[in-house]
Amino acid sequence: MIIKIKKKQLIIMLMLIVLTAPIIYAAVVNNYRANFKVEIVITNRNPRINVSNASGFSVDPISGSNAIVYISFNVTDADGVWNINASTAVVNFTLGSPNGQNYQNISAVSTSEFGTCGNSSDGSTSVTINCTVLLPYFANQSSLWVVNISVKDTDGGSAFNDTLTFTVNSLDAVSLPMTALNFSNVNLSQQNVRAYPHLLINNTGNDDFGEVNMTAAALIGTTDTTKSIGVTNFGVNLTNSTTNLRQSFPASGIVNLEQINGSNATLMHGHTSAFAPNADKGNLSAFLWVNVPSSGLSAQFYNATWNISVVRTP
Amino acid sequence: MKSIIFLLLIFIVLSTSGYSISVASDYLVNDTMELVIGTSKIYGIRLQNPTDYKVGIKIDYDGNFIKVIDYKEVYDLEPKTTGYKILLNVTAPKNATVPGSVYTVGYTVGEVEPSGGGGIGLRLKINKNFKLKVVSNPEKFSTKDHINYDYLIYTGILLLPLLYVILNKKLKKNVKTHPKIQSKKFKDLK
């Protein structure tokens, strides 16, 4: 029997065989049937955070105090606003990682439920949370501070946002916390008389001063102005020692505390609660001394204005 | 005479909050401000007075680079002031011909009267310095910045043979067409 097939039909047939062969093979060889059930149960959807603050904002630290930084963000949860646990909101400022500086809103570090945050519902699925974070004066100046925000919902789902950055500006500040400094009563020719208390110079900013200069002036009598005590009778050192490394004021009256032998009198920023390496920095003590002249003075008050200048060099 | 006792040298600060001076300023990366030659930029500083009493602050500055906008002889700060804004107009010198030149620019804020106001006063001053780096204008075409001289030399060397061929052809054409040159050529041949 001869079957006549056209070329075109042959090609179509061959193609059909090639295409259907795997299906037929699978159906014949793996002839196995099983019943199974697919169940997807969506129990919770995580919340999402959108930050309201303008990115790149800047903060001026406050001398000797804390700057209050206000962060506002919006939390959305598809499961409904009731599902958002606003009291778990944590706002954390970080600089550098993993061992950089960081400061958090109070709710994150205290037992208070909501601490320094507050919230208000925007609708059925979102809530606005406002938090304040205290930034101390010794926080490093940088444009690389990052705001890390996290919040949880009542089912334990969490959201995290670290898209917001900001700048901590430079703060140059010094303060002298003492309320009085005096030499008390002295006698003519009395040597090595120390002023009490000593001069404590605090760096109450976040900048570092490479130089601390004192400019003394002659003390003039308040009653008899012809009497004075010249600046060369005064001296300053950085230790409480009558002889040790004292720097006498020259006739110009200007002493750079760094000139005192063996000292490295810079005034770096810092505080005992600051992060390393600034935890042991932030102040400088100077001890003032006088050698009272043996003559030419009368019993009276003497006064003058002295300058203390700190220098920030780049 | 030696036994005479007299009251002497009393430093008194009347305020319980002590002496203090403070100035916040815009953050500069690496303490450096970059400016195009001859241009200016506004740099903001904010005076603070953390004390419980009113203070007068004076500003001295390097007039070659800085001008204070709305300058005052004395800036009076109320107690607990945290942001008395002062704007400094910082200008890069026009005679800085070399881009990349770095200058040190500074200003000083200081108390007018010694703090406390009684007895012997201590006057605080802060001298702040930063770098001013003069840069070339990125929008202005500068031959110094944009031409690669090595590249130019190599291109020139490559073009020399082509130039030679063109000139040579032109010369030959001139010789053929110019009668004087042609006759001279015949003479030379003879």
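Q: What should I know about the model and the numbering?
A: This is a predicted model, where local features need pLDDT of at least 70 and side-chain atom pairs count only at pLDDT 80 or more, while totals for chains, interfaces and linings use all residues. Residues are numbered from 1 along each chain as its sequence is written, and chains are lettered from A and ligands numbered from 1 in the order in which they are written.

Q: Back to D70(B). Where is it, and what is its phi?
A: D70(B) is in the loop between β7 (66–68) and β8 (75–77) of chain B. Its phi is near 55°, which is positive in a residue other than glycine. Strands here are DSSP runs of E with at least two residues, helices are runs of H or I with at least four, and both are numbered from the N terminus.

Q: Which residue in chain A has a positive phi although it is not a glycine?
A: N192(A), with a phi of about 50°. N192(A) is in the loop between β12 (185–187) and β13 of chain A. N192(A) counts as partly exposed because 13 other C-beta atoms lie within 10 Å.

Q: Which peptide bond is cis?
A: The bond from Y196(A) to P197(A) is cis, with omega near -15°. P197(A) is in the loop between β13 (193–194) and β14 (199–203) of chain A.

Q: How many bridges join β18 to β21(A)?
A: Four: strand β18 (residues 234–237) of chain A pairs with β21(A) in the antiparallel sense. The bridge partner of V236(A) in β21(A) is L288(A).

Q: Why is β21 of chain A described as largely enclosed?
A: Six of the eight residues of β21 (residues 283–290) are buried, so the strand is largely enclosed by the rest of the structure.

Q: What is the order of the four-strand open sheet in chain A?
A: The order is β1-β3-β7-β6, with antiparallel pairing. β1 (48–51) and β6 (117–121) stand at the edges with a single partner strand each, so one side of each is left without a neighbour in the sheet. Neighbouring strands of this sheet are turned by 30° against each other on average, direction ignored. For that angle, axes are lines fitted to C-alpha atoms, for helices over the stretch in contact, and angles run from 0 to 180 degrees between N-to-C directions.

Q: Which residue stands opposite N50(A)?
A: N74(A) in β3(A). β1(A) and β3 (residues 66–76) of chain A run antiparallel and are joined by four bridges.

Q: And the three-strand open sheet?
A: Its order in chain A is β17-β16-β22, again with antiparallel pairing. β17 (228–229) and β22 (302–303) stand at its edges, each with a single partner strand, so one side of each lacks a neighbour in the sheet.

Q: Switching to R46(B): where is it, and what does it touch?
A: R46(B) is in strand β5 (residues 40–49) of chain B. Leaving out residues up to four places away in sequence, R46(B) touches D60(A), V23(B), A24(B), G83(B), Y84(B) and K85(B). Contact requires C-beta atoms, placed from the backbone, within 7 Å. R46(B) counts as partly exposed because it has 18 C-beta neighbours inside 10 Å.

Q: How far is R46(B) from V36(B)?
A: They are 10 residues apart in sequence and 25 Å apart in space, C-alpha to C-alpha.

Q: How many helices and strands per chain?
A: Chain A has two helices and 23 strands; chain B has three helices and 11 strands.

Q: Where is pLDDT under 50 in chain A?
A: Over residues 108–113, for which the model has seven contacts beyond four places in sequence. Chain A has a mean pLDDT of 84, and 86% of its residues reach 70 or more; pLDDT is the predictor's confidence in each residue, from 0 to 100. Where pLDDT is low, the predicted coordinates should not be read in detail.

Technical notes: Buried ≥ 20, exposed ≤ 12 C-beta atoms within 10 Å, placed from the backbone. Contact = placed C-beta atoms within 7 Å. Pairing = 2+ DSSP bridges.
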